[in-house]
Each structure stands twice: as C-alpha cells, then as structure tokens.
Amino acid sequence: MPRAIEIVEVGPRDGLQNDPVLMPTDVKLEFIDRLIGAGVKRMEAASFVHPKLVPAMADSDAIMAQVPRSKGIRYIGLALNERGMRRALDAKCDEVNFVMVASEGFGKRNQNATPEETADLFDKIAVLAHDDGVPVSVTISVAFGDPFDGEVPVDRVAMLAGRAAAAGAVEIALGDTIGVANPWDVRERIDAVRAAAPDARLRLHFHNTRNTAMANIYAAVEAGVDVIDASVGGIGGCPFAPKATGNVATEDVVYMLERGGYDTGLDLSKLIETAKWLETEGLRHPVDSALAKAGGFPG
C-alpha cells in the first residue's frame, strides 16, 4: 500500500486572510464545498481574531454555523488568545489550533507576546479545549526565521514544542511564516522537535516566498512527516509579516506526491478546477499555482 500523506487545506483561512479581495460569506461557503468535492477531509475554515486586525475573517462564526457537517469533514479554527479559544469552541470547531511564536520581533507585532508568554498562555487555556473534548494543536509560527529579528534558534523551537506537548497538544506544526526555510534546516528542526516532543504528531506549513516550499516538503516527507499544510491556488500570506507571499499550492503538492507514489486521497483535477474558479469567480485575480497553468501529467 502506498504511504498516505494527509494534506490540511488552509485556503479558507490562511489563504484568504491577507488577500486584497474580501470574499463574501456565501462565496467562501462555495469555496469550502468545492474543496470537499475535491476530497478534502480536514481544513482550516475560520480564525477567531479581532475583525479589525483581520477583516477577512470577520465572518468566521457565520461560516462555522453553515459549513456541511454530515460528510466527515474536520474544521479547524485558529485562536491566538483565550477569547479566541472560547469563540472557536462555541462555534463547534472540530479542532482548535493555537499559535505560539518562536521569536519576539514577530510575536510582539502579531500577538503582542514573547515566545515564553505564548507558551504560558497555552498552558492556561488548553484546558478549555480539553474540558470540551476538542483536540487542540499548536502551530509554532516563524519557526524558521523572523522578518524582524532574523535567525530563530533551533533550541527555542524545540522548547516551545516541548511546552506544547506537555500542555496537551495532539499535533505540533512548524510554520515557515515568511518562506525562508531550506531542506537542511527542515530536517534539523524536525529532529529537534521530535527529541523535545516524541509523542506529538508533526505537521509542516510552508510558504513559497523564496521558491523553496516544494523542496522543503520533500525533506519533511523524507524525514517521516505525514501531515502537510497547503492552500489551493497557492493563495495566502500573513498580514503581519512584510513581503510574505502565498502558501504552497495544494494541487502542486498533490501532483508531486502522487507522482512519487504517495496517496493523498485528493482529486487533482478538481483541485485544479478550484484554483481556476478562484481566478475567474472566487477572487477574480491570478493565482500562483503552477498546475493551474500547466495541468497535470500529459495524457
């Protein structure tokens, strides 16, 4: 049997949060339906942050109230603080993803907190999800580099991973928020996180800002990681990170993995159709996906 790689689709959240187009709620719901039609089983659908900070996510409660609930889809809600955690739980998210930050420069601008303060806060609020029986994961943002402070020490990333696991995170994601990672760095940080949190499931989140995301995914998969974030069309970016461009495109990742003999469970042709729909109807501007332009393997 081919090895399965789970793709977590982040388009409806990370993909839309920094787009110049504010997608209406009904169009977002169509976007989610199209992703489900392409075989997506797990996706970031909402972000419970202040709407003045991220206007594109202002309708997250409405989205969660209307998403299809009968098709075995797991919807992830993002939280940065206690209020966000409570809102995500009230909205019946299937999972909550909390963000720790690996560097102070970005942390002060994004969450008004240092790395240690984000870990302390997770210690405090993770119990809310545990009490509701909702799985909670942690994304360590700027895990490979900070737009303001530059280099991020590997041991700090490992420390945060250990704190996350100790507080009950079932999965730890390493976020290349500004797209600076390289394959060797990926392997080093995976090894360090595994040493600090040996029982946690790992997930990797790459932005393609410097055209290294696919190489980084290859390195992660070769290191045994089975969960990868991606966004249809390659849309997205962080509103608090200067020059941070989009996520790696889901269809591009699926093409590479399936040509390599891995099983993603996703329909490549429908993903490409969705990327083209984003260009013509959903967002009405070009997307960065290579497969949306070139298509899949000939014949």
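**Basis.** I worked from a predicted model, in which local features need pLDDT of at least 70, side-chain atom pairs count only at pLDDT 80 or more, and totals for chains, interfaces and linings use all residues. Residues are numbered from 1 along each chain as its sequence is written, and side-chain values use heavy atoms, with hydrogens and water left out.

**Entry 1: Ser231.** I located Ser231 in the loop between strand 8 (227–230) and helix 10 (250–259); helices (H or I, at least four residues) and strands (E, at least two) are DSSP runs, numbered from the N terminus. Is Ser231 buried or exposed? I recorded Ser231 as buried because its relative accessibility is 0%; buried means under 20% relative accessible area, exposed over 50%, and partly exposed in between (1.4 Å probe, protein chains only). I then listed its contacts (heavy atoms within 4.5 Å). Beyond neighbours within four places in sequence, Ser231 meets Glu9, Val10, Gly11, Gly15, Asn247, Val248, Ala249 and Thr250.

**Entry 2: helix 10.** Thr250 is also among the buried residues of helix 10, together with Glu251, Asp252, Val253, Val254 and Leu257. I noted that the buried residues of this helix pack against strand 1 (6–9), helix 9 (213–222), strand 8, helix 11 (268–282) and helix 12 (291–294). Just after helix 10, I found Gly261 with a positive phi of about 95°.

**Entry 3: Ile190.** Ile190 lies in helix 8 (residues 183–196).

**Entry 4: aromatic pairs.** I counted three aromatic pairs, where rings of Phe, Tyr and Trp (its six-membered ring) pair if their centres lie within 6.5 Å, and planes under 30 degrees apart count as stacked, over 60 as edge-to-face and the rest as tilted. One of the pairs, Phe144 with Phe206, is tilted, at 6.0 Å centre to centre and 45° between the planes. This pair links distant parts of the chain, 62 residues apart: Phe144 is in the loop between strand 5 (136–141) and helix 7 (154–166), and Phe206 is in strand 7 (residues 201–206). I found Phe144 buried at 4% relative accessible area and Phe206 buried at 1%.

**Entry 5: charges over rings.** I applied this rule: NZ of Lys or CZ of Arg within 6 Å of the ring centre and within 35 degrees of the ring normal. The charged end of Arg109 sits over the ring of Phe148, 3.8 Å from its centre. The charged end of Arg259 sits over the ring of Phe297, 3.6 Å from its centre.
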